[in-house]
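Trainee: I am new to this structure and would like a close look at a single part of it. Please take the charged side-chain pairs as the subject.

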Amino acid sequence: MFFTGSFLTLLLAWSITGSPVEVRNSPIIIPLTSSLNFSNGTIDLVQHDKARVAAFRDYNRHGRRASVPMLHAPIGKYVVAFGVGSPPTNYKLLVDSGSAVTWIGARTPYDENGFNTRQRVVATYGGGPFPEISFSGTFFLDNITLSHELTMPNYELAVASTVSEFIGYDGVLGIGPRDLTRGTLEDNADATYPTFTDCLVTAGVIDQNVVGIFFQPITRDKDTTYFGQLALGEPDYTKCTSNIEYTHVTNTPPSMDYWGIDKRITYGNTDIDILFPSAGIIDTGSSFIHIASDAYERYQDVTGAAFDELAGLLRITSDQYSALQDLKFHIGNQILSFIPNAQIWPRSLNSKIRGAEDDGIYLIIQSTDMEPGEGLDFVIGYTFLQRFYTVLDRENRGVGFATTSFTYATIN
């Protein structure tokens with residue numbers, strides 16, 4: 001039997017009484033790290049992103065959770081140290097807003113000292129040009145520790161007993177909407193169940209189902225570790241250099257199934273239309289900014305960029321870079337300016353791009369390879385999230401943005 005609904009509420013209430021949850025004032029800060037890990041060059045990263053975008057689209061077409069490739073990319077992802085047990089064993093989990101299941105066991109084994117619920121779970125990531133990644137396992141109740149500010153007894157955690165093609169990480173911390181758990185219970189494919197943040201709210205660890213995301217930009221070599229954080233319960237306003245402005249989650253499928261928003265994109269001082277008002281998603285598991293194919297062509301036209309087949313990216317000359325203007329994201333009542341330096345791949349990493357020239361200038365805007373109007377006209381990856389503080393507010397079905405110290409920095 002899976003612990004959902006009122007039974008889960010009773011279970012969590014019992015766990016608080018039997019072994020108190022350690023609660024601090026909101027927000028609870030969870031530190032993140034990210035290290036570069038290049039293997040076969042950026043062309044794999046491009047393919048990874050494109051396959052992931054296609055999987056988001058196919059979820060709507062097939063009425064089920066599509067395979068999402070997120071682990072073959074050669075650049076480092078943002079990860080959290082997720083402690084399980086007493087004393088805790090730390091597991092290195094990818095932070096993924098495009099899925100909602102939190103699980104461990106891909107590399108570091110679980111000692112199974114927790115309570116086995118006997119509820120089976122299965123999930124698949126992969127597809128496209130990549131080997132399919134899948135896991136199957138069982139839910140256990142055990143203590144978790146994410147920082148000195150957050151410890152919680154009897155958290156219900158998926159533990160993998162079988163994992164295929166999962167390299168470099170111990171599992172996933174899913175911060176996507178609850179509906180994305182549908183299809184992962186082995187004996188009840190139509191059921192959903194509480195996510196990680198749902199459980200924290202139910203247990204009284206945090207007051208609101210809110211996640212603030214701060215990513216420090218990745219700009220140097222593979223030996224450098226970069227930092228970020230998740231703020232649970234409310235945003236960490238100390239990371240913001242402007243007010244957080246919110247917009248409602250879109251009602252357009254398939255973007256509405258994820259952290260989807262509506263926006264328009266313009267270019268330059270005269271606001272040349274690049275992407276007309278449409279729906280898309282925020283995704284921590286994607287690297288680039290993907291826009292509908294017609295918008296991509298307009299962006300290529302206004303920048304004068306040429307497609308570099310070896311790198312898999314648009315390339316501009318130094319003169320074109322000097323003439324590059326802001327790309328403006330019109331979201332709700334705010335306009336977020338993506339400066340020229342934010343639109344390019346970090347030049348200090350050009351040597352990591354197979355076939356690229358050391359002095360080349362490459363753009364991070366990609367095509368979704370889809371025509372507009374499919375309900376997924378853009379996917380905003382972490383190259384955008386590194387420039388703006390982002391808030392995922394399940395409580396009010398909203399997404400918020402604010403500027404940070406990195407928004408206007410010349411770091412690429």
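How many salt bridges does the count come to?

Mentor: The model is a predicted one, and the count comes to eleven salt bridges. The protein has 412 residues, of which 61% count as buried, and its secondary structure consists of six helices and 23 strands. Among contacts with a separation of 6 or more, 70% are made by residues 24 or more positions apart.

One of the salt bridges joins the side chains of R52 and D96, with a distance of 2.6 Å from N to O. R52 belongs to helix α2 (residues 42-62) and D96 to strand β3 (residues 89-96), so this pair ties together parts that are 44 residues apart in sequence. Are these two residues buried or exposed? R52 has a relative accessible area of 0% and is buried; D96, at 1%, is buried as well. For both, the cut-off that matters is a relative accessible area under 20%.

A second pair to examine is R107 with D170, whose side chains meet in a salt bridge at 3.6 Å, N to O. This pair links distant parts of the chain, 63 residues apart: R107 sits in the loop between β4 (103-104) and β5 (115-127), while D170 sits in the loop between β7 (150-164) and β8 (171-174).

E186 is found in the loop between β8 and α3 (196-202) and R120 in strand β5, so the pair ties together parts that are 66 residues apart in sequence. E186 is partly exposed, with a relative accessible area of 48%, and R120 also counts as partly exposed, at 27% relative accessibility.

Salt bridges that share partners join R52, D96 and D283 into one network.

Notes
Residues are numbered from 1 along each chain as its sequence is written. This is a predicted model: local features need pLDDT of at least 70, side-chain atom pairs count only at pLDDT 80 or more; totals for chains, interfaces and linings use all residues. Side-chain values use heavy atoms; hydrogens and water are left out. Helices (H or I, at least four residues) and strands (E, at least two) are DSSP runs, numbered from the N terminus. Buried means under 20% relative accessible area, exposed over 50%, partly exposed in between (1.4 Å probe, protein chains only). Contact means heavy atoms within 4.5 Å. A salt bridge is a side-chain nitrogen of Lys or Arg within 4 Å of a carboxyl oxygen of Asp or Glu.
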